[in-house]
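Hello,

Here is the structure I promised to pass on to you. Have a look at it first, and then read on for what I found.

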Amino acid sequence: MKNRSIWLNKQCKALQEIRQDMEVDVCIIGGGITGLSTLFELQNSGLKAILVERNTCGCGVTSRSTAKITYLQEQIYMNVRKYSVDTASKYLRSQIDAVQRLKDIITTNHVDCNLKKTASYLFTNEEKNITKLEEEYDFLTKNQVKVRKTKLDGVNHILALKVEDTYTFHPLKYINYLKNMMKDSIYENSKVESIDKKDNYYYIKVNSHIIKSKYVVLATHYPYFLFPFLMPFKTHIETSYIGAKEVKAVKDISAINIDKPCISFRYYEDEQKKYLIYLYQSFSSCNIKSIKDNFDELDKDYHFDYIWSNKDIITNDYMPYIGRIYKDDDTFLIASGYNTWGTTNGSLAGKILSDIILKRENPYIALFSSHRAINFHKVMRFPIDVGCSLKAIIKSTKENVNNSNVIYTKRDGKNVAIYRDVQGKEHIVLNKCPHMKCGLVFNEVEMTWDCLCHGSRFTIDGECMEGPSNFDIHFP
Ligand SMILES: Cc1cc2nc3c(=O)[nH]c(=O)nc-3n(C[C@H](O)[C@H](O)[C@H](O)COP(=O)(O)OP(=O)(O)OC[C@H]3O[C@@H](n4cnc5c(N)ncnc54)[C@H](O)[C@@H]3O)c2cc1C
């Protein structure tokens, strides 16, 4: 069994690094679906835009997803509807547009990324959730979506909804297509260390060089800085466990339930093999059980060929943040908080952010603005999100207590965590996530040090793989 995402089989050659100072119009930070979509939308605009990526493009959350291109997104319309039916309708429209746009980009450019028209199902196997699904059906019907109540083969359920005009794809093949197409404007292994502003220009420090730019787009999934965006107070992290197993036949089905535990699946077929991609259980940072137990639970019935975990950001009003960081300032932009639906939202963000930069109209700018009005729902969720972070801090100190391979101790006056591998070799790291100083937990399945609070991940020897941390935890 391989303990990594199945999509990571399609790695491609690393591109150039930042090796000199430069001046550009737009500097995009982060080479996931958000950053690359933004660069794509700025092609032929007349602006000089570049993208800088800390590792390699697509190595972040994008290449660990289930890669469904759909607007049938779990409970999202039910959640958003609670405080505004109008917002839920607009969000639905934005997702239908995003599905269409992504499909058009892929087909028009003949991108080889296993795009497949795949019906999406939303189902429940709990009596108490039938009313919710019925309400979802009514909402979609009122919004002119062609949705059917139906049966779903091979899955225990009482009721299922189905829409037809949705897709699945291979996310890293798509990312690699964009990367190769725009390779002269992309710099990999180029970590942004700081951003300063002076006289209407940003000075972005990358690999000890300075990029001078009029615009900055932060597409780093989670902002690596606390101020001014204060992400931990607006969001919490959700972690999910995924497996891929070789099967004899694939079905044109992509499904997700609205029950607990969360179940989501789709199929994938490449030139040689066919796979079921299966997600079982999602936990908020409040409620993470043992990482190893979660993987065992996932694997116990299927014995997967690949297993991996992934984290996404859940916002406190279930809507992404796409747009200006400072009100009325079009020069510093962000796209984040996709509530586990970032394939559609990341590509949509590319269009919205490029439209802001190019001073073009876009129907969704106000909808996703990070300066949208505070509503009752948001206020109620604020203490929950902060509580989640605090609970994760406490939990992280207890998580590895029963694991004799992990030791927390002091070395040279510093708090360190040590993992002893099967050969008896010690891997020592600093036991504090550089982001907000949470303790770290060793994930013995993927061999990473994980921060339960806000989702940073580090390799076994302390190199930062995923943010919000922007620093390694090497010892000494
Ligand atoms: C379990 C799971 C399943 C999912 N399934 C789906 C799905 O089926 N459909 C769907 O629509 N969405 C899905 N999503 C959500 C989706 O995958 C994500 O929301 C989306 O990929 C986020 O893309 P991104 O570009 O914002 O972030 P990322 O892909 O993480 O890209 C951010 C990039 O920024 C880089 N970076 C960070 N800091 C710096 C720095 N200082 N300097 C330079 N570069 C930096 C990182 O290295 C990284 O490559 C899923 C999420 C999860 C957790």
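Let's start with the ligand in this predicted model. H1, strand E13 (235-246), E17 and H7 each supply at least two residues of the shell around the ligand. The biggest share comes from H7, with four residues. In total, 40 residues surround the ligand, and the closest are Gly-30, Gly-32, Gly-60, Gly-342 and Thr-343.

Helix H1 (residues 33-42) packs against helix H7 (residues 342-357) at an angle of about 35 degrees, and their axes are 7 Å apart. The crossing is right-handed. On the H1 side, the contact includes Ile-33, Phe-40 and Leu-42, while Gly-342, Thr-343 and Leu-353 are among the H7 residues they meet. The residues of this contact divide into five nonpolar, nine polar and two charged.

Finally, the strands. E13 and E17 belong to an open sheet of eight strands, with mixed pairing, in the order E6-E7-E5-E14-E15-E16-E13-E17. Its edge strands are E6 (148-150) and E17 (306-315), each pairing on one side only. From one strand to the next, the twist averages 25 degrees. Within the sheet, strand E5 (residues 119-124) and strand E14 (residues 253-257) pair in the parallel sense over five bridges. Leu-122 has Ile-256 in E14 as its bridge partner.

Enjoy exploring it!

Best wishes

Terms used. Residues are numbered from 1 along each chain as its sequence is written. This is a predicted model: local features need pLDDT of at least 70, side-chain atom pairs count only at pLDDT 80 or more; totals for chains, interfaces and linings use all residues. Axes are lines fitted to C-alpha atoms, for helices over the stretch in contact, and angles run from 0 to 180 degrees between N-to-C directions. A crossing is left-handed if the near helix is turned anticlockwise from the far one by less than a right angle, and right-handed if clockwise. Two residues are in contact if their C-beta atoms, placed from the backbone, lie within 7 Å. Ala, Val, Leu, Ile, Met, Phe, Trp, Tyr, Cys and Pro count as nonpolar, Asp, Glu, Lys and Arg as charged, and the others, Gly among them, as polar. Two strands pair if DSSP finds at least two bridges between them. A residue is near a molecule or strand if its C-beta atom, placed from the backbone, lies within 6 Å of it.
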